[in-house]
Amino acid sequence: MPAFKNIAVVGGTSAIGKALIKNLLATKGEFDSVILLTRDPESKASQELAALGAETRKIPSELSADAIPALVESLKGVDALVSVVGITGIANQANLAHACIQAGVKRFFPSEFGNDVDLHASTMPFTWEKVTIRKLLRSEEVVSKLEHTFIETGYFIEGFFTPFLGWEISGTSVSANIPGTGDVPITVTHQSDIGSYVAEVLRADPALSRNKTLKFEGDRLTWNQARELVQYAATSKPGVSSTFKTTYTSVEELEKRLETAQGFESVSLQLFLVAARGQGLLSRNDNSHFAKVKPISAKEYVSTLFA
């Protein structure tokens, strides 16, 4: 039986959060409780998870320092808290950590699910807030009171094949803007598989993940290989005539654009550069320790884009 019996998830209505909660609830009675911490227990997404057996607990709309007392109350009886908050909530995870300590939570999984932060954060400014929470959780004061697990998974495969990363895909035309030469491998993982991996970590011996970084890969491929998968899927669809256009943007040009970019454009360019510089491939993967998960391959995912 799992050592963590009462699991709470904040950000549980996200794609990863929903996949995680559904997985934890799939085996009846395995956990004493699976708790959705939500700003709106009456929302459609919250109600759908509640109908599956999740307990819902309302939390403040902002995870500020002022919210810590309410968060402590919501975390009573919780063994492990998994954070799946979005990019705007990353900075406030320190407040979640302090609430965990006060509530007696054993393990905290901060919202990570990206590239190798410890290795490449200096060239990924949008991840610096993740560096801050890592430093806090690894500090002598906190680590003696609260265990942590960091989860890295590379690029979300659903986000990879989108305009945000240079793809324009329709039933009749495809264009791809590829960073660098396109010959450098990267890691891509489906968000549902990330939820499954986190669920298996929670089921496993806690020592396997205590105060460690685990890395999971759905697939690894180069941008050019991704282009070939898309091109094959597009041109092989019966009765459809597709056009295909490919452009390449050099590292130098991407760096020049980044100098003045802001907001999501800046994040997009950083992700392009991470891939082009060879930093988008996880340094290893821990898939074999959690072999029950059979991740979706890039080929399988691309086929759904033209179904």
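1. Helices (H or I, at least four residues) and strands (E, at least two) are DSSP runs that are numbered from the N terminus. The helix H4, residues 93-103, is followed by Gly104, whose phi is positive, with a value near 85 degrees.

2. This is a predicted model, in which local features need a pLDDT of at least 70 and side-chain atom pairs count only at pLDDT 80 or more, while totals for chains, interfaces and linings use all residues. Residues are numbered from 1 along each chain as its sequence is written, and side-chain values use heavy atoms, with hydrogens and water left out.

3. On confidence, the pLDDT (the predictor's confidence in each residue, from 0 to 100) averages 92 over the protein, and 97% of the residues score at least 70. Confidence is lowest in helix H5 (residues 117-120), where the mean is 79, and it is highest in strand E5 (residues 107-109), at 98.

4. The axes of H4 and H6 (lines fitted to C-alpha atoms, for helices over the stretch in contact, with angles running from 0 to 180 degrees between N-to-C directions) come within 10 Å and cross at roughly 20 degrees. The two helices are therefore roughly parallel to each other, given that angles under 35 degrees count as roughly parallel, over 145 as roughly antiparallel, 65 to 115 as roughly perpendicular and the rest as oblique.

5. The crossing of H4 and H6 is right-handed; a crossing has this name if the near helix is turned clockwise from the far one by less than a right angle, and is left-handed if anticlockwise. The contact (heavy atoms within 4.5 Å) is made by Gln93, Ala94, Ala97 and His98 on the side of H4, and by Ile133, Leu136 and Leu137 on the side of H6. By class, the residues of this contact divide into five nonpolar, two polar and no charged, where Ala, Val, Leu, Ile, Met, Phe, Trp, Tyr, Cys and Pro count as nonpolar, Asp, Glu, Lys and Arg as charged, and the others, Gly among them, as polar.

6. The contact of H1 with H9 has nine nonpolar, five polar and two charged residues.

7. Val142 is found in helix H7 (residues 140-143) and is buried, with a relative accessible area of 4%. Leaving aside its neighbours within four places in sequence, Val142 is in contact with Ile101, Leu136 and Leu137, and its C-alpha atom is separated by 8.1 Å from that of Ile101, a residue 41 places away along the chain. Lys145, in the loop between H7 and strand E6 (147-152), is in contact with Ile101 and Val105, again leaving aside its neighbours within four places in sequence.

8. Phe113, in the loop between E5 and H5, has a phi near 55 degrees and, at 5% relative accessibility, counts as buried. Asn211, in the loop between H9 and strand E11 (212-215), has a positive phi of about 55 degrees although it is not a glycine, but Asn211 is partly exposed, with a relative accessible area of 32%.

9. Finally, is Lys215 buried or exposed? Lys215, which lies in strand E11, is buried, with a relative accessible area of 6%. Leaving aside its neighbours within four places in sequence, Lys215 is in contact with residues including Asp116, Glu152, Arg284 and Asp286. Lys215 and Glu168, by comparison, are 47 residues apart in sequence and 29 Å apart in space, C-alpha to C-alpha.

Methods. Buried < 20%, exposed > 50% of the residue type's maximum accessible area, 1.4 Å probe, protein only.
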